[in-house]
Amino acid sequence: MIDRLEDALNHNHRFSADASHELRTPLTIMRGELEEMLRFEDLPAHAVGNLVSTLDEIDRMSRIVNSLMTITRLDAGGERMDMQMIDLSTLVSTTMEHLRLLAEEKGLPLTCSSDSEVYIFADPMRIKQVLVNLIDNAIKYTQTSDVPPESLESLPVELARGSVDVTVSALDSHAFLKIADHGIGIALDVLPHVFDRFYRADFSRSRGAGGVGLGLAIVKAIVAAHDGTVSITSAPGQGSTVIVELPLAQPPAPNPNQQPVSAGKQQRYQTT
């Protein structure tokens with residue numbers, strides 16, 4: 001029975017990989033032919049609208065295909081990884097600076113608190129993909145805070161409703177990345193399925209926002225490929241917290257010419 005289950009899982013992985021690969025070429029051809037048709041002069045307005053709409057759907061299908069190929073390769077261990085020693089705290093700070101404008105557009109405070117020098121052995125681009133996906137989700141589903149920005153620093157994080165808070169810490173042999181928001185939250189019956197492929201709790205809202213239900217599945221696959229785990233807790237109307245746990249790596253040997261850094265030093269910043 002175990003052999004049959006293993007064969008079925010392998011068949012499913014091969015099917016996803018093969019189907020995704022075979023779909024890429026016809027989608028590329030369709031996009032090229034439709035773009036060529038749009039260059040025709042004197043096209044009726046409704047025809048132009050239909051062509052543009054079809055191109056949007058092709059782009060959406062292409063994103064689905066590329067995401068499926070990524071997940072399949074990660075699950076099968078066939079995705080090429082650029083593994084190197086990285087400081088998770090530095091990577092998180094840099095990534096949050098890139099996402100700061102998204103938070104500012106909604107008037108949300110985006111805060112980060114991290115232990116210094118939390119080293120992991122990982123592919124920096126893949127870990128950044130995890131960060132962008134999770135922080136973008138937190139921003140997307142968090143309502144604007146009613147608390148004045150100048151008052152946020154004096155409030156405990158848990159009371160600063162409408163904020164997105166990221167924490168990096170190390171404990172024993174693991175690094176912990178926590179992304180907490182104070183947004184709309186997730187229903188209890190939905191939580192067990194949020195990392196499933198193509199699962200969306202609100203289909204109309206997710207599609208309108210450009211989602212295809214694969215973002216969290218990719219996050220889970222990337223984290224698993226780094227021998228880590230990812231979990232989420234949430235309550236409707238109170239927000240969600242995602243915790244990513246990754247194995248710690250030994251930090252590089254210290255430079256004798258560099259000033260020592262206190263082990264208890266923390267860095268914190270806030271953007272509003």
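Predicted model: local features only at pLDDT ≥ 70, side-chain atom pairs only at ≥ 80, totals over all residues.
**Ground rules.** I number residues from 1 along each chain as its sequence is written, and side-chain values use heavy atoms, with hydrogens and water left out. Local features need pLDDT of at least 70 and side-chain atom pairs count only at pLDDT 80 or more, while totals for chains, interfaces and linings use all residues.

**Cavity.** I searched a 1 Å grid over the protein atoms alone for sets of points where a 1.4 Å probe fits but cannot get out. Points were joined across faces, edges and corners, and a volume is the space filled by probe spheres set on them. I found 1 cavity of 30 Å³ or more. The largest cavity holds about 40 Å³. Its lining (residues with an atom within 4 Å of a point) consists of L88, I127, V130, L131, L177, V223, V244 and L246. Two elements, α4 (124–140) and β7 (239–247), each give two or more residues to this lining. The largest share, 3 residues, is from α4. Helices here are DSSP runs of H or I with at least four residues, and strands are runs of E with at least two. I sorted the lining by class: 8 nonpolar, no polar and no charged residues.

**Positive phi.** Most residues other than glycine have a negative phi. I noted D172, with a positive phi of about 55°. D172 sits in the loop between β4 (164–171) and β5 (174–181). It is exposed (over 50% relative accessible area, 1.4 Å probe, protein chains only), at 73%. I also noted D227, with a positive phi near 60°. D227 sits in the loop between α6 (215–225) and β6 (229–235). D227 is exposed too, at 65%.

Note on methods: 1 Å grid on protein atoms, 1.4 Å probe; cavity = no way out; pocket = protein on both sides within 12 Å on 5 of 7 lines; lining within 4 Å. Nonpolar A, V, L, I, M, F, W, Y, C, P; charged D, E, K, R; others polar. Buried < 20%, exposed > 50% of the residue type's maximum accessible area, 1.4 Å probe, protein only.
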